[in-house]
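This briefing covers side-chain contacts in one protein model.

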Amino acid sequence: MTDSPWLGDACSLVDAFRRGERTPTEEVEVTLAAIEASDLNAFSYIDADAARTAAASADASLPFGGVPIGVKELDAVEGWPATEASIPLRDRVSPHDSTQTARLRAAGAVIVGLTTASEFGGVNLTRTKLNGITRNPWDGERTPGGSSGGAASAVAGGLIPLGTAGDGGGSIRIPAGFTGLLGLKNTYGRIPKGPNMMVQPLTAVIGCVSRSVRDTARWLDVCNGFDARDPYSLPRVDGWEAGLGTTELAGLRVAIVPDMGNAYVHPEVVDRVVAAGEALVKDAGLKLVDLDLSLPGGSVEWALAGLVGVLAELGDLYPGCERDLTPEIAFGLRIGTQLYNLEQAAKVEEYRTIVNETMAAVFEQVDVVIAATNPDIAFAATGPLPQAVGGHPTDLGNNGALTIPSNIAGNPAVTVPIEPLDGMPVGLQLVGPHHREAMLLDLALVIERERPWPLVAPGSPL
């Protein structure tokens, strides 16, 4: 009898099911037990009966047949809470599955529950008035990041091998970087959103946090492809997993710019990013080039654009519900409703245009940029957001400055774990041109093969 959740990647769990070494019904039981015993607060909702029913009929011949997964609570599962991690919406229930959820079900995944997120996905730590504090399995006093913090905590904490995530300003890459996981922010539109998708602000993508490159590649095989309910979704591309390792990497031009030209990064994180980048250049036969990268600061513009969607979700409940919101969201809405007018909207579009032009120019000169994922290791689980890095004062915008540019421009970017700092994960970010996820995954594969990372935090499951 299986006595603990699978601590390998999802693909190897499917292989174990196919060999008869484990069964989906046993796996879901140990998964539910581990979640119940965990102090990570990684899940906001569990449907044990639905999970057991799905496991009982799981078909291990399918890509994720029998694999227990969590769905980020900002995504949709029919009949489950649709709260946006916000008290004012706590009684709302989703009338449908999202496109991604439906495709995962069809691929055999066993959905056990909803993983915690920051309220409306607006903050890069997972701490809400609705669900409380989610903790990092590497150090429970630290945050797993946000907004996909519960997913990252659960996967790195050994509770589930795979979880859905979303990235509108770094919300896949930031928590993956803080918890030692692989997190791909794909090209905008690669995986369709919807039904009833909100078009603006054209920055958010959906995907997963995973323990391995091949898990993410298989995820793309399952979830990518056009859906008419998302008019911005891209045509289907096949062969992500089968094509791993086939990109010709030798000679690709790469620049190592730890700060992405717009952030302050802890010097010891810089050292690790440079060392890991130089090792990748050697291992993959890349061509290292100098790049003068300077990106405009735009955290205010990015935040204001995102708040439009928050107001749409709250509707007539705002401003009467302000006291029930987390401090960051309440403050953002209060300031945003005062500042966001036609003049400010014009500044948002000006910022977007500058970032688009800058990123396009970058990828005329290089094929990939290597940067840090986060300015520093994970900060306190209770917050607040840091305003200093290694004693160096920073503004609040520094927290997402490394990741936001790829959301604004729609470029793919992936974070992979590298040498830890003070016992905590450090993420290296690979940023590429539009539609070049296969190249990024193959570069990540080189790192994974040459310098393997721990698949779960030490001591997991907790």
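The notes below go through selected contacts by topic. The model is predicted. It holds three aromatic pairs, and the salt bridges number 20.

**Aromatic pair**
- The ring centres of Phe178 and Phe379 are 5.9 Å apart and the ring planes stand at 85°, so this pair is edge-to-face.
- Phe178 belongs to helix H6 (residues 173-179), while Phe379 sits in the loop between strand E11 (368-372) and strand E12 (388-389), so the pair ties together parts that are 201 residues apart in sequence.
- Phe178 and Phe379 are both buried.

**Salt bridge Arg22–Glu27**
- Arg22 and Glu27 are joined by a salt bridge, with an N to O distance of 2.7 Å.
- Both of these residues, Arg22 and Glu27, are buried.

**Salt bridge Glu349–Arg352**
- Between Glu349 and Arg352 the closest N and O atoms of the salt bridge are 3.5 Å apart.
- Helix H11 (residues 342-365) contains both Glu349 and Arg352, which are three residues apart, about one turn of the helix.
- Glu349 has a relative accessible area of 41% and is therefore partly exposed, whereas Arg352, with 13%, is buried.

- Arg92 counts as partly exposed because its relative accessibility is 30%.
- Glu84 counts as buried because its relative accessibility is 14%, under the 20% cut-off.

Technical notes. Residues numbered from 1 in each chain as written. Predicted model: local features only at pLDDT ≥ 70, side-chain atom pairs only at ≥ 80, totals over all residues. Heavy atoms only, no water. Phe/Tyr/Trp six-rings, centres within 6.5 Å; stacked < 30°, edge-to-face > 60°. Helix = DSSP H or I, 4+ residues; strand = E, 2+ residues; numbered from the N terminus. Buried < 20%, exposed > 50% of the residue type's maximum accessible area, 1.4 Å probe, protein only. Salt bridge = Lys/Arg side-chain N within 4 Å of Asp/Glu carboxyl O.
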